[in-house]
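Here is a short report for a first look at this model. Have the sequence and the 3D view open as you read.

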Amino acid sequence: MGILAPSILSADLSDLAGQIRLAEIGGADWIHCDVMDGHFVPNLTFGPIVVSAAKRATKLPLDVHLMIEKPDKYLEDFVEAGADYLTVHFEADVHLNRTISRIKELGVKAGVSINPATPINSLNDIAEYVDLLLIMSVNPGFGGQRFISNSLRRIKEAVELREKLNANFLIEVDGGVSNKNIKMIKDAGCDVFVAGSSIFKSGNISAAAAELKNLII
């Protein structure tokens with residue numbers, strides 16, 4: 001069964017607890033938090049304070065995705081805020097192995113994310129150490145973008161990498177996930193499905209989450 005992780009990037013933060021609750025009613029499994037710094041990506045979102053507020057609003061695991069430069073400087077802050085999964089970008093971290101090890105030392109699951117132009121085989125020497133591999137299916141920085149079609153091939157390549165390494169990381173996809181493509185994404189081998197606009201901008205958060213969840217059962 002697939003894991004549905006609604007992204008609060010698209011939620012109304014003035015009613016964060018209420019928005020998360022509606023996603024829970026619809027069958028959300030995790031809550032995804034997109035942290036952007038305005039440097040690594042051309043947008044600025046939120047930091048540990050909002051992650052902490054999300055933690056107080058739900059008992060679901062928090063899936064915190066750091067789209068920031070020098071993420072190793074902020075690991076403790078986000079773990080203290082309540083991250084259960086903490087993901088950093090391959091492209092943003094000079095000492096990725098050390099960062100992944102540090103995340104695990106802090107007692108949470110460690111993830112690595114790659115942008116659409118980064119080859120899957122770039123992760124050959126780190127994938128066996130991570131708990132989560134996040135494939136960006138849009139160029140990171142903004143919600144509501146269109147799914148990049150060759151992401152389906154990249155998901156399949158990630159499945160092959162996992163098998164080659166005899167690893168057990170989850171494969172997550174973030175960007176443009178909707179009821180129109182989520183079944184194809186699942187069939188390609190995705191385990192965790194991040195959806196923002198298609199849930200929180202739908203007009204009926206619970207119904208939209210439920211529809212997506214039913215498509216990945």
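## The cores

How many residues does the largest nonpolar core have, and which residues have the most contacts inside it? The largest core has 61 residues. Those with the most contacts inside it are Ile 8, Val 51, Val 64, Leu 66 and Leu 86. A second, separate core of 7 residues includes Ile 3, Trp 30, Leu 132 and Val 192. A nonpolar core here is a set of buried Ala, Val, Leu, Ile, Met, Phe, Trp, Tyr and Cys residues joined through side-chain atoms within 4.5 Å. Buried means under 20% relative accessible area, exposed over 50%, and partly exposed in between, with a 1.4 Å probe and protein chains only.

The model is predicted: local features need pLDDT of at least 70, side-chain atom pairs count only at pLDDT 80 or more, and totals for chains, interfaces and linings use all residues. Residues are numbered from 1 along each chain as its sequence is written, and side-chain values use heavy atoms, leaving out hydrogens and water.

## The sheet

An open sheet is formed by 8 strands, with parallel pairing. The order is E1-E8-E7-E6-E5-E4-E3-E2. Strands (E, at least two residues) and helices (H or I, at least four) are DSSP runs, numbered from the N terminus. Two strands pair if DSSP finds at least two bridges between them. Strand E1 (3–6) and strand E2 (31–36) stand at the edges with a single partner each, so one side of each has no neighbour in the sheet.

Strands E7 (residues 170–174) and E8 (residues 192–195) pair in the parallel sense over 3 bridges. Val 173 stands opposite Phe 193 in E8.

## Helix H5

Helix H5 covers residues 151–165 and has 15 residues. Its buried residues are Ser 151, Arg 154, Ile 155, Ala 158, Val 159, Leu 161 and Arg 162. They cover an arc of only 160° around the axis, which puts them on the same side of H5. That arc is taken from the directions from the helix axis to the C-beta atoms. The face turned away from the buried side carries the exposed residues Glu 160, Glu 163 and Lys 164.

The buried residues of H5 pack against E5, strand E6 (132–136), E7 and helix H6 (182–188). Contact means heavy atoms within 4.5 Å.

## Two positive phi values

Most residues other than glycine have a negative phi. Asn 166 has a positive phi, near 55°. Asn 166 lies in the loop between H5 and E7 and counts as exposed at 71% relative accessibility.

Lys 70 also has a positive phi, of about 50°, although it is not a glycine. Lys 70 is in the loop between strand E3 (62–67) and helix H3 (75–81). At 53% relative accessibility, Lys 70 counts as exposed.

Conventions. The expected span of a helix is 1.5 Å times one less than its number of residues.
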